[in-house]
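Visitor: I would like to learn how to read a few features of a model. Please show me the structure and start with a single residue.

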Amino acid sequence: MKKLLASALCAVMALSLSVAAFAAEPADISSNPTATNPTVTAPADITAPSGLSRAGYAFQVDGEDMGIRVNIAVPLRAVAEKLGFKVTWNGDGTIGLNNGVMNCTVTLGKDSYQVVTSVEGLDGMSAPFSLGMAPYTVGGTSYVPLGLFEALLGNQAGAVTMENGVLSLHTDPLNNNVQIPNPFVEYETLEQAAQAAGFGLTVPAAVNGSDSRVFQAIKGELLEVTYHKGEDETACIRKAPGSENISGDYTVYPQVNSVAVNGVKATMSGSDHNVSLATWTSNGYTYAVSVAGGISRSDMTALIAAIQ
């Protein structure tokens, strides 16, 4: 699939919408399951790094790399429901997909994606990544890049294939391995993890009764410190450039409040007057703190103040 033949691409393009349709503003997020024609586009000057940050697929003519990458957009609901995902259209321009094993939320018009496992105890959460194409809506049907479903199927070899002009999406890789490749690398010290991430992080020595810490990073993208008491994780602190939600926590909490801490506006989420998650942005970075079982609002405020 990484090397599309010109003849196969032409066969798909015969069914495609126009490129002008791709540029259309998202008009609505209602679905039309009968609309199944994909869109093929060729984003210009897109370099696709390996792993989760790739954008599109390589394109060759007679074995020669043309130096461009193509994206194939497919109707979100038709493909997602065929793969067993529950599709939830929200009123804020976001669309949720969840099959009980993998889940993600996409935003119309925004080329930023993140997939996580829905099963407690499984290892797998991607950092926010680009696919070179934002989800969009045309004629009442929402489209997403095919690469999103490849990620939801675990980025396993053989998930997407093309043979004799037929483009196929296979679910077998999901059945064989429900974990997505772990992009994190563990380091012995916070300083080593910070060097790999490309930015520093100041955190407390202990959180929520912890007795040990684990330092991880996604090179150049994200820095994480997890706190443990024995084998149980008590808290997790993350930092990354930008303003995306990097918490990996998609729980809908009944209590959400905004508070000011040292001049920074933070969002606290939780229940029963305990705060389980706090997120905020400061000086070009986004932060996320999750605490197992939750802590008091005053304790979370103090924790936020201790993180830089």
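Guide: Take C104: at 2% relative accessibility, C104 counts as buried. Buried means under 20% relative accessible area, exposed over 50%, and partly exposed in between (1.4 Å probe, protein chains only). This is a predicted model, where local features need pLDDT of at least 70, side-chain atom pairs count only at pLDDT 80 or more, and totals for chains, interfaces and linings use all residues. Residues are numbered from 1 along each chain as its sequence is written, and side-chain values use heavy atoms, with hydrogens and water left out.

Visitor: Is C236 buried or exposed?

Guide: C236 is buried, with a relative accessible area of 6%.

Visitor: How many disulfides does the structure hold?

Guide: A disulfide is a pair of cysteine sulfur atoms within 2.5 Å. The structure holds 0 disulfides.

Visitor: How do I read one side of a helix?

Guide: An α-helix has 3.6 residues a turn, so residues three or four places apart point the same way. Helices (H or I, at least four residues) and strands (E, at least two) are DSSP runs, numbered from the N terminus. In helix α6 (residues 190–197), the buried residues are L190, A193, A194, A196 and A197. They lie on the same side of α6 because they cover an arc of only 160° around the axis, the arc being that of the directions from the helix axis to the C-beta atoms.

Visitor: Which exposed residues does the face turned away from the buried side of α6 carry?

Guide: That face carries E191 and Q195. The buried residues of α6 pack against β13 (185–187), β14 (212–218) and β15 (222–229), with contact meaning heavy atoms within 4.5 Å. Just after α6, G198 takes a positive phi of about 95°.
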